[in-house]
Each structure stands twice: as C-alpha cells, then as structure tokens.
Amino acid sequence: MRYLPLQEADRAVMLQAIGVDGIDDLFVDVPAGKLLDEPPALPLGKTEMEVERELGRLASQNVAAGSVPFFVGCGAYKHHIPASVDHLIQRSEFLTSYTPYQPEISQGTLQYLFEFQTQVARLMGMDLANASMYDGSTAAGEAVLMAHRITKRSKAIVSGGLHPQYRDVIETLSKHSGKVMDALHADPLGQEDLVSRIDDETSCVIVQYPDVYGRIQDLAPIAEAAHARGALLVVAVTEIVSLGLIKSPGEMGADIVVGEGQSIGNGLSFGGPYVGLFATRQKFTRQMPGRLCGETVDAEGKRGYVLTLSTREQHIRREKATSNICTNSGLCALAFTIHLSLLGQTGLKKLAEVNHGNAVVLADKLAAIAGVEVVTQAFFNEFTIRVNGDAGTIIDALTERGVLGGVAMSRLEPHDPSIRDLIIVASTEVNTDADRAVFVAALEDIVR
Amino acid sequence: MSMNSQGRPSEPKISGAGDQAGKVTFTGNRGLEHEVPLLFERAGNFETTGVDLPMPKRVQSRLGGLEREEPIGLPGLTEPEVMRHYVRLSQKNYAIDSGLYPLGSCTMKHNPRLNEKLARLPGFSDVHPLQPQSTVQGALALMQTLAGYLLELTGMASVALSPKAGAHGELCGMLAIKAALEARGDKRSVVLVPESAHGTNPATAVFMGYKVRSVAARADGTVSVEAVREALDSDVAAIMLTNPNTCGLFEPEIVAIADAVHEAGAFFYCDGANLNAIVGKVRPGDLGVDAMHINLHKTFSTPHGGGGPGSGPVVLSEALAPFAPVPYVLRDSAEFRIVEDAAQAKSDGGDPLGRLTAFHGQMGMFVRALSYMLSHGCDGMRQASEDAVLSANYVRTELRDLFTQPFGDRVCMHEVLFDDVFLKGTGVTTLDFAKAMIDEGYHPMTMYFPLVVHGAMLIEPTESETKEDLDLFIATLRYLAMQARKGNAELFTDAPVLAPRRRMDETRAARQPRLVWQPGIQAKT
Amino acid sequence: MADEYFTEDHEYIRVEAGVGTVGVSVHAQEQLGDVVYVEVPEVGRQATAGEAVAVVESVKAASEIFAPVAGEIVEVNTELDGSPALVNEDAEGKGWFFKLRVGDAAALEKLMNREAYTAFIAENG
C-alpha cells in the first residue's frame with residue numbers, strides 16, 4: 001500500500017463527512033449483483049523487492065542487444081544514447097506532467113515541442129512539422145488519409161519497398177474507411193515501376209527512404225510524376241539518422257514526410273514506445289493531424305508557446321476532425337530533441353558517416369563469403385544480402401552461435417516465395433570490429 | 001470556513017498585479033525561474049557538437065550520389081549547456097510530483113518510480129521487436145501476464161495489446177465490431193453516441209464511415225434504457241458509452257442498455273477512460289460490454305510524460321475475440337510465440353481485422369503497468385479505486401454548498417462535476433476561476449468538458465492525495481468561490497500573475513501560426 | 001437596392017440582382033469571440049438550403065455555416081485567409097464569406113428581415 005497515502009483514520013473521517021456508513025454506499029448506482037464482494041482472483045500486493053525479483057527474472061530471459069553482436073534493423077535501430085538524455089527525461093516536471101493545455105504552467109513542455117517541430121522540419125527539408133505521432137507506421141497511415149483529404153481522391157499507391165508492417169497498417173485503415181490501396185510486390189532490387197501506376201484516381205504515392213531493404217534512390221522523378229497527375233508524394237523515413245548524410249525528402253519534392261524517430265534518443269524497447277514524425281508543406285497546414293505548438297506572446301508581451309490550431313482536432317471538431325488522434329508521444333519526442341540538440345548538424349553528420357562506414361565495411365566482408373551476395377547497390381546503414389539457403393533457418397543458426405545477424409525478410413513477408421533467401425542487415429555505430437569478425441565467421445561457417 | 005492549521009491567515013492578503021509579480025530584473029529572470037532562449041538562438045552553435053564520436057571508417061561512398069549538400073540548420077550544444085537548457089525548461093512545468101492535478105477523466109495518479117527502474121532493465125529496454133522469438137521469451141511472457149491481469153480485472157475474453165493510445169484502442173474496438181458485423185453479412189451504418197461523449201468517440205465512428213446518432217441524457221446526467229431503445233433500430237451497429245460517464249456518474253441502467261443493444265443485434269463499445277473508479281469493484285464484462293479500451297497511462301499509472309506516450313490495450317468479448325488484430329501472443333505448452341501475420345492467425349482459427357501498428361505495442365508501458373499491478377495486487381488495486389471514489393465524494397461534500405452541480409447533488413464516482421451557475425453575476429468565468437487556481441499553486445481541473453454542461457469543471461483528485469492535501473485543496477477552492485461571490489473579479493480576470501507566463505494570446509497563435517523557428521523573426525507585442 | 005435577410009442560425013444574406021452575399025451577423029461574431037479562420041466553399045458548388053457549406057473557427061470552437069437558400073456559389077472572400085479578424089471587425093460588411101446565385105427567390109421570404117432578427121436575438125439571447 002506504499003502508493004496509497006490515505007490511512008484508515010482518514011477514510012473513517014471522510015466517510016463520516018460524506019454521511020455514509022461504508023465505501024460501498026458510494027457504489028450505490030452499480031446494478032444489483034454486479035458489485036464484487038471480494039478482490040479479483042489475482043495475487044496480493046507485493047513488496048518492491050518481490051516485484052523487482054519477479055520482473056527481473058523475466059527480463060533476464062531476454063537477450064539484450066548490447067550483449068551480443070547485433071545487426072537487426074528493419075524499422076528500429078540500436079544507437080548509442082548519451083547518458084544525459086535519459087537523466088533529463090526522468091525529471092519529475094517532464095515525466096509526470098500532463099499535456100500542456102494550461103500554457104502558463106507548461107512552458108517547459110511547449111518550448112521543447114516548438115524546438116522539436118523546428119528540428120524535424122529542418123531534418124526532413126519541409127516547412128513545418130507537428131508535435132509528434134505515436135510512431136512511424138501510424139504516421140504513415142495518417143499521411144495517406146491526409147493525402148486523400150487534400151486531393152479528394154481515395155487511392156494510395158504503395159511502393160514494394162515500404163516496410164510490410166507499415167503497409168499492413170495503411171491497408172487496415174484503407175479497408176475500413178472505404179479507401180483503396182494499390183500495393184506493389186516486394187522489390188528488393190529496386191526494379192518496380194511505380195510511375196506507370198499513377199493515374200487520375202491516385203491521391204498519393206508512398207515510398208520508404210531508405211527502403212525496407214536499405215536501398216536509397218532519387219525520389220525527384222517520382223515526385224514529378226505524381227504532381228503531373230495531381231497526386232502527392234508521401235515519403236516514410238524509418239531510419240532518421242540517415243538524413244544526416246543523404247538528401248532530405250523535402251528537397252526531392254515530397255509533399256508529406258513521415259518518419260520513425262526512435263533512432264534518436266529512444267531505445268529499442270521491444271517495439272514501443274516510439275515517436276512518429278510528421279512534416280509537410282505550408283499550404284497543407286490545416287490538413288495535418290496531431291498536436292501543433294505555436295509561438296505567441298502573453299499578456300505582458302513576453303514570448304511564449306501554446307498548443308494551437310486545435311480546431312482540427314477531435315475534441316473540438318468531433319465528427320469533422322482531421323483524425324481521432326488525441327495524444328502525441330511527448331516524452332519520446334523530448335528524448336529525441338535532447339539527443340539531437342547534443343548532436344547538432346555536425347554531430348549528426350559524423351554519426352551518420354560512422355554508420356555508413358561501418359555498413360560498407362560489413363557489406364564488403366559479407367560479400368566476400370562464398371554463397372552470400374550483397375544485393376543493395378546504394379545504401380546508408382542497412383542492406384540486403386542473398387544467401388544460398390533459407391534465410392530464416394540461417395538467422396536461427398546465427399542465433400545459436402550468439403549472433404543476432406539481421407532480419408530474414410520472410411519474417412515480414414511469410415507468404416512470398418521470392419524473398420525467402422534474403423536477410424536485411426543493419427550496421428550502426430555500436431558495432432565493433434570484433435562484432436563484425438564474429439558475425440562474418442559465423443555466417444561463413446553456416447553457409448559453407 | 002477558514003483554514004488555520006498551518007498558521008495561515010484566515011483572510012489572505014490579496015496581492016495586486018504590481019506586487020511581487022512586478023519587479024523588473026536585468027536578466028528577465030525571477031529567482032529560480034530563468035528565461036530560456038531557443039536552441040536556435042544561441043550564437044555559434046551550428047558547428048558545435050556535444051557528442052564525441054569515433055572516426056568514421058574510410059570507405060568509398062555507397063550513397064549513390066545522394067549526399068546531402070546543404071547544412072541542415074541544427075544547433076549542437078555541449079552537455080553542460082544541454083543540462084542547463086532542459087533543467088531550466090523543466091522548472092517551468094507543473095507536474096504530479098509537484099502538486100495535485102485535479103484533471104477530470106485524466107487520472108493524474110502518482111507514477112511509481114519502480115516502474116521506471118524496471119522498464120529500463122536491459123532485458124526489456126534493449127531488445128528488438130524482430131529478434132528471433134527464442135531470444136525474447138521473457139518479454140512475451142510479460143505481455144501474456146499483463147494480458148491475464150487485464151482479463152481478470154475486466155472479466156472479458158481476449159485482449160489486443162498493440163494499440164498505442166486510448167483513441168487508437170477505440171479505433172481497434174470499433175474495427176472489431178465492424179469486422180464481426182461484416183463476418184455475419186450484416187450491413188449497418190449507424191453508431192449511437194451520447195451527447196456527453198468525448199470527441200474521440202464520434203470522430204472514430206465517422207472515420208469508419210458510420211453516421212452518428214445522438215442519445216440525450218436525462219435530467220440526472222445518465223442515459224436511460226428508454227432513450228437507447230428509441231434510438232435503436234436494425235441499422236445500428238453499436239453504442240459507444242463511457243462508464244463511469246463523462247459526468248463522473250456510474251450509468252445505473254447499463255446492464256439493461258447492454259441487453260437492449262444486444263437484442264437489436266448491435267454491440268456495446270465502452271470507453272474505459274474512467275476505469276479508475278471501478279478496478280477491483282466492478283467488471284465491465286459482467287455489465288455486457290463487448291469491447292473496451294484501457295488507458296494504461298490513466299488507470300495503471302504509466303507516466304503522462306507531458307503528453308504521451310500512452311498505451312491503449314482493448315479487451316474484447318467472446319463474440320469479438322476472433323477479430324482481434326495482429327500481433328498477439330500465444331502460449332504453446334512451455335513456449336511463447338507472437339503471431340504477426342493475418343494468414344497465420346487464420347490458420348489458428350482467428351479472423352484478424354488487420355494490423356494497427358508496426359511491431360508489438362508499447363512494451364515500455366506494459367512493463368510499467370505490470371509493475372504497478374504487481375505492487376498493488378488485487379487488494380491494493382481495489383483499495384485504490386475505493387480511495388479514488390472516496391476522495392471525489394469528499395471533495396463534493398465539502399464544496400457542494402458553494403459550488404453548483406448540474407444534475408443536483410448525488411453520489412459520484414472518482415470525479416465530481418460542477419458547472420458555472422455559482423459564478424453567475426460575478427463577472428468570473430470558469431476559465432478565470434481556473435487561472436486563479438494557478439496562482440494558488442494548483443493545476444486547474446478539466447474545464448468546459450463535457451460540452452453538455454455550461455462552464456463545466458470536472459475534478460478528479462485520484463487516490464494519491466493525503467487527506468491534508470485534499471483539505472487544503474478544498475479550502476482553496478472555497479476561498480476562491482467566496483472571493484468571486486464578493487465581487488473580487490480582478491483576482492480572477494488578471495490571473496495568473498505568478499506563473500512563468502501570463503495568459504497567452506491564443507487568437508494570435510491561431511491567426512498567424514508560427515510553428516517553427518525562423519531566423520530574424522520573433523514575436524513581439 | 002439590396003434586400004437583407006437573416007436566418008435563425010445567425011447568417012445574413014444580402015441580395016442584389018439575384019446574387020446573395022452571405023456572412024454571419026454582428027451578434028454572431030460577438031458570440032464566437034475572436035475568429036481565427038474561415039473555411040470557405042469552392043466556387044461552383046451547388047448548395048441546398050440549410051446545407052453546411054462553410055466553417056468559422058474561433059480558438060476553441062468551430063461552427064458550421066449553412067446556406068440560407070439554395071444556389072450556386074459564385075464567389076468567395078479571399079481576404080479572409082490572411083485577415084480572419086475582418087469577421088469580428090465588420091461582420092456584415094468586409095467580413096462576408098461567399099456569394100451565391102439565388103436559386104429560388106421565394107425561399108428568401110421565409111427568412112427574417114432585420115427588425116424580426118433583432119427581436120429574435122433579444123428573445124433568444
């Protein structure tokens with residue numbers, strides 16, 4: 001009961017003040033027979049020590065990424081987070097505060113959101129960004145819906161290079177809101193012809209950059225082709241560190257850019273919580289979902305920040321809202337902005353160079369193994385290899401040898417026979433020469 | 001009633017705006033509270049970096065000629081500068097750890113620090129969702145354990161853990177209902193929503209292509225089964241009800257309503273935002289609920305984080321269980337596995353509505369919520385709900401002579417609803433009243449929600465307050481109400497005067513949106 | 001000489017040569033508070049009487065604007081985009097929203113004239 005400050009004596013006084021005999025008199029509106037006589041059939045409360053022991057035991061049954069040679073990516077990446085980031089996000093005033101609806105006593109949150117929005121817009125090469133979404137995949141879903149609203153069309157063309165789980169999210173949203181999704185097949189070699197699919201019913205084309213296979217390509221021709229037919233280009237960036245080194249989607253003509261911000265400031269955490277990034281052009285501001293923080297002045301003329309353009313949102317527009325979304329990913333956005341303010345553009349670029357360098361070195365070493373072929377030509381910190389066998393089996397064999405060597409594409413696309421021999425390998429700044437050596441030796445042994 | 005237990009004067013001195021608020025300093029700082037320039041305004045920081053990195057390997061670029069050429073425009077700060085920037089920002093925020101947060105329907109309860117410690121164990125924080133399943137059995141076991149707790153507490157058949165927040169969970173639950181109707185070839189186009197519902201309810205329904213049909217509440221603030229029956233027909237797919245409702249009241253006819261809805265072939269979606277009133281006391285499954293989202297960041301203490309991240313698992317009835325989205329965790333004898341693929345789910349006998357997010361859900365929040373549940377236990381969770389309801393009714397009892405309740409004085413659940421009738425003729429609005437609370441050191445209560453009540457004030461103290469803190473809060477609200485009655489309107493209309501900022505010009509923010517920093521432009525009066 | 005009519009939803013329509021200029025009344029803008037944005041309909045759209053064709057937003061609320069009578073939208077006030085404050089400053093003049101070609105002039109007779117509208121707001125608040 002260490003979290004419950006009321007004592008028995010307090011409860012007695014309060015019940016008396018209210019004028020009832022017992023607590024169940026306050027549950028008088030509960031229909032007959034539905035008020036439980038006993039607590040639920042679950043264990044009684046435990047001491048801190050016991051809870052630590054129990055959950056610690058479960059934690060120790062997992063292989064932490066930092067404890068083995070680790071090359072798993074595909075939408076979530078292991079990067080080094082400076083110690084000050086986690087320390088700062090645990091400050092009470094950040095951790096235990098609410099959404100900044102009372103701006104006078106939330107300027108801390110509001111200012112960091114304004115800085116975050118500015119950082120994201122600049123990273124992505126766009127005019128503005130919102131205060132974050134749940135994650136990259138739901139941001140991608142919302143971007144497609146926004147494209148439908150703007151163009152008043154209902155068909156989205158989805159590149160075969162988009163993360164299959166992102167595609168599945170878009171499909172679920174499309175199916176149940178009467179929209180259409182035209183998804184191209186898995187495209188490891190970058191051979192798909194997106195442009196010829198664009199017609200007058202297309203609201204948008206959505207591509208991933210770098211794509212799920214790690215491949216990077218110039219998006220300007222796709223942007224042009226889309227615009228020529230009155231459609232929009234939506235770009236999804238799942239490895240945000242890449243934008244420290246490669247052209248921004250904005251400069252290539254994207255209309256909406258979404259991303260997963262996890263790589264900066266946020267750990268892997270088995271898939272969540274993450275932070276969705278969402279940026280667009282000035283002219284589409286009012287069609288953007290999610291929270292927005294804006295600059296203004298207070299009654300004394302001092303600069304300050306507020307949540308603004310709230311009339312897009314569900315709590316005001318209700319049926320006519322741009323989305324049903326209520327929240328952003330506050331604390332994860334804070335971690336992102338703190339880490340990025342430590343890095344700055346100079347640090348981010350260098351971090352990206354370390355990532356790219358490590359990936360190139362690894363790719364060359366893997367390519368030298370007989371039975372392994374590096375399939376991706378241009379990449380940032382992730383690439384695809386073709387192996388002479390079933391990729392899933394090989395990943396398991398690597399795991400048995402203590403190496404987490406990437407993601408078998410068949411894990412994301414279990415029913416596509418054409419990709420069964422593909423593994424997607426990520427390499428970030430955390431990988432050492434020793435890690436690479438162990439990985440290469442293990443794989444060489446397995447495919448022999 | 002005057003409060004004197006802390007040597008506090010019975011009639012506090014009323015400070016004018018020119019008082020301690022008025023001293024002008026050279027720096028613009030005020031004691032511990034500092035003015036903080038934007039990161040982008042600090043000179044010379046575009047070349048700096050506060051992160052030491054190894055030298056990159058020298059390699060031939062494989063970037064395909066797509067190198068970024070223009071500087072991005074992101075300043076970098078060294079660690080001491082970053083610490084100061086963010087510590088100073090933090091000091092401008094109110095937080096649960098600083099004081100009572102009476103926000104109705106938000107459940108601002110204490111966020112246990114054990115939750116934070118355990119979520120950071122490398123076995124939870126440093127595992128990738130796509131690692132081979134054999135290497136994450138502990139994580140899968142935790143998800144199963146959490147699911148088991150949620151099912152036992154709610155009396156439901158199945159739970160979808162993946163939705164990332166409450167509104168996301170709402171979408172999930174409603175999609176499950178739609179899928180169930182489609183599976184039996186039933187085309188229905190209407191969803192019933194009470195006027196008092198939170199905006200996400202109609203927004204979700206409309207997104208899915210449903211027409212919203214409003215159900216009026218009766219004079220006591222609750223929904224009658226007659227009103228529901230009148231609105232029901234064979235075209236209604238579902239009713240979306242919040243219970244306890246947005247006025248803080250338990251819906252007394254909820255079982256009859258559920259029965260009527262089921263008889264009409266429709267489903268009952270329950271918005272679980274107010275679950276904190278009934279955990280361990282009532283099980284939604286016993287009331288006839290088909291789908292309900294749970295806000296782990298409200299009821300189960302995961303931190304609000306200044307606006308997220310949340311987590312919104314959805315419990316489902318037997319009828320809806322087959323349609324749960326992927327992914328979900330199963331146990332095969334000794335091993336846990338996660339089912340990620342719809343086709344595979346079908347071979348297991350399911351018919352998933354699809355996928356709502358990449359990866360598995362908010363694992364970081366699962367750990368925290370389970371840590372809370374284990375810490376409280378079945379007895380503690382039941383006690384927490386009782387204390388939440390007790391505290392709200394205590395506040396109601398001690399304020400009811402001065403504050404007005406829209407539906408008359410009656411027992412409430414974990415939150416109490418007042419309207420602005422008691423402020424009539426004072427020149428003080430609900431907004432003004434709320435801003436005066438800020439100067440007294442309190443975050444305001446939820447204002448102007450639910451929309452059906454004029455000038456609504458929704459107060460939810462939660463179970464985390466001592467009686468002493470509740471008494472001071474009550475005394476403060478009484479003091480403010482009496483000041484309003486006395487005609488001391490300036491106390492309110494100028495407020496807040498002691499916060500880091502005065503009232504913000506929200507009109508200007510909306511008319512001339514400035515959403516990113518731009519060099520050379522700064523908002524001035 | 002233009003004919004002026006008001007609806008119970010506080011829109012006005014000022015008709016001259018078969019084209020009606022539509023906006024919200026001075027009373028309405030007082031109730032709305034500071035207007036921050038007006039979403040105007042597309043030129044060429046056919047509106048039915050009572051159809052929601054525009055939205056006027058203040059900081060905390062959004063209100064629908066209904067076509068007082070049926071007709072085709074022939075012009076919209078592009079000034080509102082940069083200066084939504086016009087609605088507060090001059091609701092019945094420069095703060096107009098759109099013009100429509102009146103489909104059925106007889107429908108205008110069902111609306112209130114200024115005297116009737118003034119009485120209406122006095123009664124209903």
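This is a predicted model: local features need pLDDT of at least 70, side-chain atom pairs count only at pLDDT 80 or more; totals for chains, interfaces and linings use all residues.
Q: Let's begin with one pair. What does B:Lys281 form with A:Asp24?
A: B:Lys281 and A:Asp24 form a salt bridge, with their closest N and O atoms 2.6 Å apart. The term means a side-chain nitrogen of Lys or Arg within 4 Å of a carboxyl oxygen of Asp or Glu.

Q: Okay. How many salt bridges are there between chain A and chain B?
A: The count is 13.

Q: And polar contacts between chain A and chain B, how many residue pairs?
A: There are 101 residue pairs, both residues at pLDDT 80 or more. A polar contact is a pair of N or O atoms within 3.5 Å; within protein, one must be able to donate a hydrogen and the other to accept it, and residues adjacent in sequence count only if both atoms are side-chain atoms.

Q: Which helix of chain A gives the most to the side that touches chain B?
A: Helix H10 of chain A, residues 330-367, with 26 residues. Helices here are DSSP runs (H or I, at least four residues), numbered from the N terminus.

Q: How many residues of each chain are in contact?
A: 201 residues of chain A contact 207 residues of chain B. Contact means heavy atoms within 4.5 Å.

Q: What about area?
A: Chain A and chain B bury about 17,600 Å² between them, and carbon and sulfur atoms give 63% of that. Buried area is the accessible area (1.4 Å probe) that two parts lose on being put together, summed over both.

Q: Which residues of chain A lose the most area to chain B?
A: A:Glu104, A:Phe270 and A:Arg411, together 6% of what that side buries.

Q: New topic. Where are the domains of chain A?
A: Domain 1 covers 83-340 and domain 2 covers 344-447. These bounds come from an automatic or database domain assignment. The C-alpha centres of the two domains of chain A lie 28 Å apart.

Q: Which three residues supply 28% of the area on the domain 1 side?
A: A:Tyr213, A:Val241 and A:Leu245, more than any other three residues.

Q: How many salt bridges cross that domain interface?
A: The rule finds one. Also, A:Arg167 and A:Glu413 meet through their side chains in a salt bridge, at 2.8 Å from N to O.

Q: Now chain C and chain B. How many residues does each give to the contact?
A: Chain C gives eight and chain B gives four. They bury about 500 Å² between them, 51% of it on carbon and sulfur atoms.

Q: Which residues of chain C supply 64% of its buried area there?
A: C:Asp34, C:Val36 and C:Val59.

Q: How many salt bridges and polar contacts between chain C and chain B?
A: Zero salt bridges, and three residue pairs in polar contact, both residues at pLDDT 80 or more.

Notes
Residues are numbered from 1 along each chain as its sequence is written. Chains are lettered from A and ligands numbered from 1 in the order in which they are written. Side-chain values use heavy atoms; hydrogens and water are left out. Helices (H or I, at least four residues) and strands (E, at least two) are DSSP runs, numbered from the N terminus.
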